[in-house]
Amino acid sequence: GVIPCSPISPTTAITMEALNFYRVARQCNPHFSIQAYVRTLCDLQGVQFYPYLSRQFSIALDVYLQILANVDSLVHQAISRSDPIWRLKHACPACTYTLKGEVPLKFSLLYTMDGNDSLKRVLKKLDSDDDNDNAPPRSAELPSTQVVRGDRYLSREYVDQFLADSPADMMADEDEDNPCAGRWKNMRDEKTRKMWGVFDESGIFMSACRHGFSLLIADMVQSGEQSKYPLAVVSKLLDTFGKDLGGGYDVGCRFKTTLSRSSLGRRAHDLNHTSLVGAFHGHTHRRLCQLDHLTTYVEGLGLEDLEGCEHIFSKSNALAASVRYASIFHRRQAIANYFQHNDDFVILKSTFLYNNYKQALNVLHDAHTTLPKLMAELGVTDENVFDAWLAEERGYLMSLTQEPEHETLHMEYWQRLVNLSGSKKDLDAASMAWAVSTPRTVQFGTHDVTSTTRNETAWRHAIENYDKDLKVVQELEVKLGITRRWVPDDHEWRDAGRLVANRKLQRALDNLEGLVVARIFELSKMNRAGTGYKLRKHIGKALQVRSAAIRTALDKYNTAARAVSPPRATLSWEDVVEYAFVADFDLLRDARQDVSHRPWATPTGRHTMDTYFKMRRAREEILRLNVEIRRMATYLRDEDLYLTECQKQLQSMHPALAHQVGVHHNICARFTAYHLRRLHKISALPGFTGSITPGESVDEGPGAAAVCIPAKLLPVGHTMMEEGEDEVLEDLEEEEIADADGEEDSRVLEAILQVAGDA
């Protein structure tokens with residue numbers, strides 16, 4: 001068949017084979033543009049290329065894609081899968097196809113979400129807006145009734161529901177509970193504000209399951225990565241999947257606070273939602289944040305790195321050139337079709353399961369070999385001690401964030417006494433100057449009057465300052481329970497004075513120590529066997545940024561070290577750069593706590609802890625994979641039986657629709673043989689503890705693959721064929737009459753324009 005390029009008096013038509021070939025080719029290679037394809041057709045046909053041919057092809061392609069969408073809608077209706085959120089609820093069989101009697105998992109669904117600014121779209125502004133820089137830009141694009149169907153895309157209206165919960169700057173650092181506050185300055189909105197005037201959609205924000213299936217997509221509209229986008233995603237996922245979700249996000253620590261303070265906070269808490277940080281980005285967070293959010297230390301997470309969006313974006317970035325100057329509809333259409341094709345034809349679930357199972361078995365094999373030796377070297381017999389070490393490290397890092405309270409209060413009292421003493425001296429000096437101003441000493445000239453007024457003002461200010469300082473001292477004495485005010489000869493005065501003298505040095509030391517400890521631990525991660533090249537490069541860049549912070553902290557420390565009495569030894573940059581282990585950091589011995597000889601701070605201790613927690617995550621990964629593998633095997637069997645039965649029942653009632661169900665079945669079953677071979681290969685792995693025997697799904701609702709005989713299919717098909725037949729014929733007759741009238745009106749208008757042109 002062919003599709004015309006105009007609804008009235010078409011002169012050009014495109015064959016469906018050519019349109020379908022381009023549709024598939026573009027999904028396989030998003031760089032392949034319409035113009036390049038039309039030029040290819042012109043060259044093959046031996047005709048000259050004209051730019052209007054690309055426009056005509058685009059019109060025909062829209063019609064063809066709309067036909068496919070309508071057919072797909074009919075197919076899903078016929079097989080009882082017309083629920084608006086059916087795709088989302090069954091996006092990934094390994095994640096969502098729950099079986100009866102399976103082992104419960106801590107996280108019912110693991111997903112990752114992130115923003116990407118590659119798929120931007122240039123805003124076609126009105127010419128009148130160029131003269132007004134303060135007004136928001138308006139689009140010159142004509143409104144369109146075309147919409148992208150499906151539940152993959154979140155509408156702008158749905159996302160804007162969470163605008164009130166979204167701070168103007170998600171990366172703001174006004175958060176005392178977040179150890180990474182103020183760390184993501186490159187993502188602040190003022191850094192990307194200039195971009196908003198050029199682009200309408202500044203990128204996409206999407207979520208995907210741990211196997212790579214896309215879940216939800218939202219357009220980032222004239223803004224940076226504001227928190228309303230992840231809030232909208234989390235809200236939709238909570239509505240669809242319910243409790244025990246685990247979501248990875250590159251700033252998950254910051255988003256955790258945002259989520260708890262939003263309107264979703266109560267629901268997320270009740271449904272036990274967990275915010276996590278991916279392994280790739282997690283190593284640029286502060287060490288204190290890593291202990292709570294990094295994948296290595298999260299119980300129940302397995303070996304999942306929560307960086308699936310990065311893998312997806314590395315491929316979807318190829319769409320950037322084709323959507324940069326597209327319309328709103330065509331951009332969304334291209335993005336939605338790309339991810340639909342990616343889910344149907346690219347993602348091989350069984351390969352993920354096979355690779356992860358092998359990785360987990362290898363980790364366990366290595367750990368069982370090396371961990372006993374490392375524990376013997378440390379003199380450790382109980383593995384539970386590693387959890388205690390991790391808690392001890394967390395407590396130590398927490399102690400570096402603020403001074404001890406008792407020291408702070410004593411130093412504050414001492415400082416207020418010093419201020420009170422200074423205020424008393426200022427008051428005495430002002431009183432003396434005011435007392436000598438008598439009628440005998442003042443001539444009441446212009447200069448004397450000004451001097452007297454100045455002395456009176458200084459005296460009044462001195463009294464006010466003295467009273468203010470005295471009041472603060474009295475309040476601190478009540479708070480500290482001091483019955484006799486300290487004087488310089490008291491030992492409390494001298495002790496507090498020394499604390500204050502060392503205060504700046506201690507603060508500089510705490511800051512420098514925290515930065516160097518984090519650098520040392522990340523260096524050990526960077527050089528660890530098995531760390532990929534990209535992760536090492538990522539950690540290396542983070543270390544460069546931290547090195548600049550270490551330089552600044554080192555300068556402050558050396559300045560404070562020279563100011564104390566007696567002066568402390570200073571450090572050079574070369575000394576700090578050469579530190580490889582915490583034990584080599586002699587400066588730590590001057591800190592409030594010397595951790596250089598703590599077991600968890602030694603190189604062997606760090607390696608042992610990492611090996612132990614990696615082994616625990618590997619066991620959890622095998623537990624999850626055993627569940628997902630059986631889900632996969634069951635789904636492959638149930639889906640094949642269900643679609644086969646649907647096609648068989650429709651064959652006699654509606655052969656054309658039965659054929660389309662068969663096409664849909666072919667898409668779903670295209671890789672079934674490959675998946676079955678992979679599952680058999682997994683079962684043959686040494687150490688495999690699961691089962692590939694299909695189970696029984698808990699989902700028995702309409703359209704469920706576990707229902708082998710769709711009982712409601714016959715009545716639906718009968719209604720589609722007979723009950724609505726008269727209405728369909730009437731509608732077709734009305735459309736035919738309207739088309740004839742429109743064609744006649746078009747000919748009359750064309751004749752009028754031709755006469756006017758001749759005149």
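I looked up how helix 2 and helix 3 are oriented and found them roughly perpendicular to each other, a term for angles of 65 to 115 degrees. The model is predicted, with local features needing pLDDT of at least 70 and side-chain atom pairs pLDDT 80 or more, while totals for chains, interfaces and linings use all residues. Residues are numbered from 1 along each chain, and side-chain values use heavy atoms, without hydrogens and water.

I noted an angle of about 110 degrees and axes 9 Å apart for helix 2 (residues 34–45) and helix 3 (residues 51–78); axes are lines fitted to C-alpha atoms over the stretch in contact, and angles run from 0 to 180 degrees between N-to-C directions. Helices are DSSP runs of H or I with at least four residues, numbered from the N terminus. In contact (heavy atoms within 4.5 Å), I listed residues including Tyr 37 and Cys 42 from helix 2, and Phe 57 and Leu 61 from helix 3.

I then turned to salt bridges, defined by a side-chain nitrogen of Lys or Arg within 4 Å of a carboxyl oxygen of Asp or Glu, and recorded 25 of them. Lys 228 pairs in this way with Asp 160, their closest N and O atoms being 3.1 Å apart. Lys 228 belongs to helix 8 and Asp 160 to helix 6, so this pair ties together parts 68 residues apart in sequence.

Notes
Helices (H or I, at least four residues) and strands (E, at least two) are DSSP runs, numbered from the N terminus. Angles under 35 degrees count as roughly parallel, over 145 as roughly antiparallel, 65 to 115 as roughly perpendicular and the rest as oblique.
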